[in-house]
Amino acid sequence: MKILAQPRTAAFFDLDKTVIAKSSTLTFSRSFYQGGLINRRGVLRSAYAQFVYLLGGADHDQMERMREYLSSLCRGWNVRQVKEIVAETLHQVIDPIIYDEAASLIEQHHAAGRDVVIVSSSGAEVVEPIGELIGADRVVATRMVVEHGCYTGEVEYYAYGPAKAEAIAALAVSEGYDLDRCYAYSDSITDLPMLEVVGHPHAVNPDRGLRREAVARGWPVLTFERTVRLRQRLPSLAMPPRPALAAGAAVAAAACAAGLVWYASRRRMPQPVGARLTAV
């Protein structure tokens with residue numbers, strides 16, 4: 001009697017305020033300042049944007065304005081220089097702001113045989129090394145146009161809003177994922193398309209809009225609070241040696257294309273794999 005193989009499954013994670021406690025895009029601003037890519041005014045503006053984002057997120061129009069500003073800012077940046085800055089500061093900047101609860105979920109999903117995929121509007125050149133850092137199997141992220149070794153300021157592919165859901169659907173076809181059995185995690189109402197495309201959506205530290213949707217649909221609402229260095233927290237997710245990170249670390253200039261997008265739709269789901277539920 002022939003035994004049929006079980007369909008493959010995956011857990012899809014937004015990055016900012018879901019896996020890490022801040023905006024991956026804005027967190028590197030000081031590193032870029034020290035590397036001579038931006039001036040003090042740029043650092044201050046990035047710090048303010050980070051504050052607004054952490055306070056309660058930003059709506060579609062605000063994020064679009066920030067995306068346009070950052071895209072313009074990175075125009076002309078040398079790709080090799082930014083790669084070096086990201087590689088050199090990744091441990092210092094990102095490792096301390098990884099959520100302990102997210103690291104636990106990544107570990108649990110891997111133990112259950114699921115792939116872990118980061119799906120982020122930040123640039124691939126930042127998201128890919130972060131994905132490697134936390135043990136993700138795949139990454140979907142924004143890509144910037146490069147000409148003659150420098151960023152033009154144009155966006156080649158924007159992993160934004162509905163595009164995230166489309167990317168997940170494409171991965172399901174290419175990798176054989178059964179989306180009804182897959183999981184997704186995000187903090188933002190702008191990621192509704194991504195959450196709706198899977199059978200097990202979760203709201204993590206949700207903004208007001210996503211909290212309303214999660215309550216109305218009966219989705220779990222998770223609270224991630226603790227940040228921890230991976231070396232201390234999960235030996236199984238220990239950081240790869242620096243050369244491996246440097247090889248995968250492209251520029252945060254694509255981080256310039258950070259942002260989330262407005263969208264809306266519907267679906268349902270069961271209980272989460274681990275993580276604490278918040279009373280709503």
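**Entry 1: contacts and overall make-up**

The model is predicted, so local features need pLDDT of at least 70 and side-chain atom pairs count only at pLDDT 80 or more, while totals for chains, interfaces and linings use all residues. Residues are numbered from 1 along each chain as its sequence is written, and side-chain values use heavy atoms, with hydrogens and water left out.

I noted 12 helices and 7 strands in the chain. Helices (H or I, at least four residues) and strands (E, at least two) are DSSP runs, numbered from the N terminus. Of the 280 residues in the chain, 57% are buried. Buried means under 20% relative accessible area, exposed over 50%, and partly exposed in between, with a 1.4 Å probe and protein chains only.

**Entry 2: the sheet**

In what order do the 7 strands of the open sheet run? I read the order as E4-E3-E2-E1-E5-E6-E7, with mixed pairing; two strands pair if DSSP finds at least two bridges between them. E4 and E7 stand at the edges with a single partner strand each, so one side of each has no neighbour in the sheet.

I then checked E1 and E2, which pair in the parallel sense over 4 bridges. Ala11 stands opposite Val116 in E2. H8 packs on the sheet, where this helix touches E1, E2, E3 and E4, and its direction makes about 150 degrees with that of E2. Axes are lines fitted to C-alpha atoms, for helices over the stretch in contact, and angles run from 0 to 180 degrees between N-to-C directions.

**Entry 3: helix H8**

I compared the span of H8 (residues 162-175) with expectation: at 1.5 Å a residue its 14 residues should span 20 Å, and the end C-alpha atoms are 20 Å apart, which agrees. The expected span is 1.5 Å times one less than the number of residues in the helix.

Which residues of H8 are buried? I listed Ala163, Lys164, Ala165, Ala167, Ile168, Leu171 and Ala172. Their cover includes strands E1 (10-13), E2 (115-123), E3 (138-147) and E4 (150-157), and helix H9 (192-196). Gly176 follows H8 and has a positive phi, near 75 degrees.

**Entry 4: helix H6**

I ran the same check on H6. Its 12 residues should span 16 Å at 1.5 Å a residue, and its end C-alpha atoms are 17 Å apart, which agrees. The buried residues in H6 are Asp100, Glu101, Ala102, Ala103, Ser104, Leu105, Ile106 and His109. After H6 comes Gly113, with a positive phi near 85 degrees.

**Entry 5: aromatic pairs**

How many aromatic pairs does a search of the whole structure find? I got 4. Rings of Phe, Tyr and Trp (its six-membered ring) pair if their centres lie within 6.5 Å; planes under 30 degrees apart count as stacked, over 60 as edge-to-face and the rest as tilted. The ring centres of Tyr99 and Phe224 are 5.9 Å apart and the planes stand at 65 degrees, so this pair is edge-to-face. Tyr99 lies in the loop between H5 (79-94) and H6 (100-111), and Phe224 in the loop between E7 (221-222) and H11 (230-233), so the pair ties together parts 125 residues apart in sequence. Tyr99 counts as buried at 8% relative accessibility, and Phe224 is buried at 3%.

**Entry 6: nonpolar cores**

I took a nonpolar core as a set of buried Ala, Val, Leu, Ile, Met, Phe, Trp, Tyr and Cys residues joined through side-chain atoms within 4.5 Å. The largest has 44 residues, and Phe13, Phe32 and Ile94 have the most contacts inside it. E1, H5, H6, E2, H7 (124-134), E3 and E5 (183-186) each supply at least two residues of this core. H5 gives the most, with 7 residues. A second, separate core of 24 residues includes Val117, Ala167, Ala172 and Trp219.

**Entry 7: loop residues**

Is Asp16 buried or exposed? I found Asp16 buried, with a relative accessible area of 8%, in the loop between E1 and H1 (24-27). The C-alpha atoms of Asp16 and Ser120 are separated by 7.7 Å, although these residues are 104 residues apart along the chain.

His148 lies in the loop between E3 and E4 and is exposed, with a relative accessible area of 83%. Its phi is positive, near 55 degrees, in a residue other than glycine. I also noted Asn205, with a positive phi near 45 degrees, in the loop between E6 (200-204) and H10 (208-217).

Terms used:
Contact means heavy atoms within 4.5 Å.
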